[in-house]
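Biologist: Hi, I'm new to this one and would like to go through it with you. Could you put it up on the screen?

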Amino acid sequence: MRRLLAKRMKFHLLGAFLLSMGCATLYKFGVAEPRKQAYAQFYKSYDPMKDFEAMKAAGVLECAAPK
């Protein structure tokens, strides 16, 4: 029973480290990268003036009166 805590602590620390690295990797490639790709795809064809005119026509903006 001597040094049982130290021995188990090494195992649990290694397991916790590997689990956290695995979760971080899964998040990066499962969530962050697809999100970056979606934003890049959206802004590739985004026209801010067209969006501004649509919001202006809908009366969403207070600074520009709708026609």
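Biologist: Let's start at R3, is that residue buried or exposed?

Modeller: This is a predicted model, and in it R3 counts as exposed because its relative accessibility is 68%, where exposed means over 50%. R3 has its place in the segment before α1.

Biologist: And what is the phi of R3?

Modeller: The phi of R3 is near 60 degrees, which is a positive value in a residue other than glycine. As background, most residues other than glycine have a negative phi.

Biologist: OK, zooming out, how many helices and strands are there in the protein chain?

Modeller: The protein chain has 2 helices and 0 strands, and one of the helices is α1, which takes in residues 4-44.

Biologist: What are the spans of the C-alpha trace along its principal axes?

Modeller: The C-alpha trace of the protein chain spans about 85 × 25 × 10 Å along those axes. The radius of gyration of the protein chain is 26 Å, whereas a compact globule of 67 residues would have one near 11 Å.

Biologist: What share of the residues is buried, then?

Modeller: Of the 67 residues in the protein chain, 3% are buried. The accessible surface of the protein chain is about 6,400 Å², and carbon and sulfur atoms account for 67% of that surface.

Biologist: Which residues make the nonpolar surface patch?

Modeller: That patch is made by L14, F17, L18 and M21 and covers about 420 Å², and L14 from this group lies in helix α1.

Biologist: Switching to charges, how many salt bridges does the structure hold?

Modeller: The structure holds 2 salt bridges. In one of them the side chains of K28 and E33 meet at 3.0 Å, N to O, and in another the side chains of E33 and K36 meet at 3.3 Å, N to O. Salt bridges that share partners join K28, E33 and K36 into one network.

Biologist: How far apart are E33 and K36 along helix α1?

Modeller: E33 and K36 are 3 residues apart in helix α1, so about one helical turn separates them.

Biologist: And why do K28 and E33 count as partly exposed?

Modeller: K28 counts as partly exposed because its relative accessibility is 37%, and E33 counts as partly exposed because its relative accessibility is 22%.

Biologist: Last one, how far apart are the mean positions of the positive and negative charges?

Modeller: For the 12 positive and 5 negative charges of the protein chain, the mean positions are 29 Å apart.

Conventions. Residues numbered from 1 in each chain as written. Predicted model: local features only at pLDDT ≥ 70, side-chain atom pairs only at ≥ 80, totals over all residues. Heavy atoms only, no water. Patch = residues over 30% accessible without salt bridge, like charges linked within 9 Å, V, L, I, M, F, W, Y side chains within 5 Å. Areas by Shrake-Rupley, 256 points an atom, 1.4 Å probe, with all protein chains shown as cover. Salt bridge = Lys/Arg side-chain N within 4 Å of Asp/Glu carboxyl O. Helix = DSSP H or I, 4+ residues; strand = E, 2+ residues; numbered from the N terminus. Rg over C-alpha atoms; globule rule 2.2 N^0.38 Å. Buried < 20%, exposed > 50% of the residue type's maximum accessible area, 1.4 Å probe, protein only. Lys, Arg positive; Asp, Glu negative; His and termini not counted. Charge placed at Lys NZ, Arg CZ, Asp CG, Glu CD.
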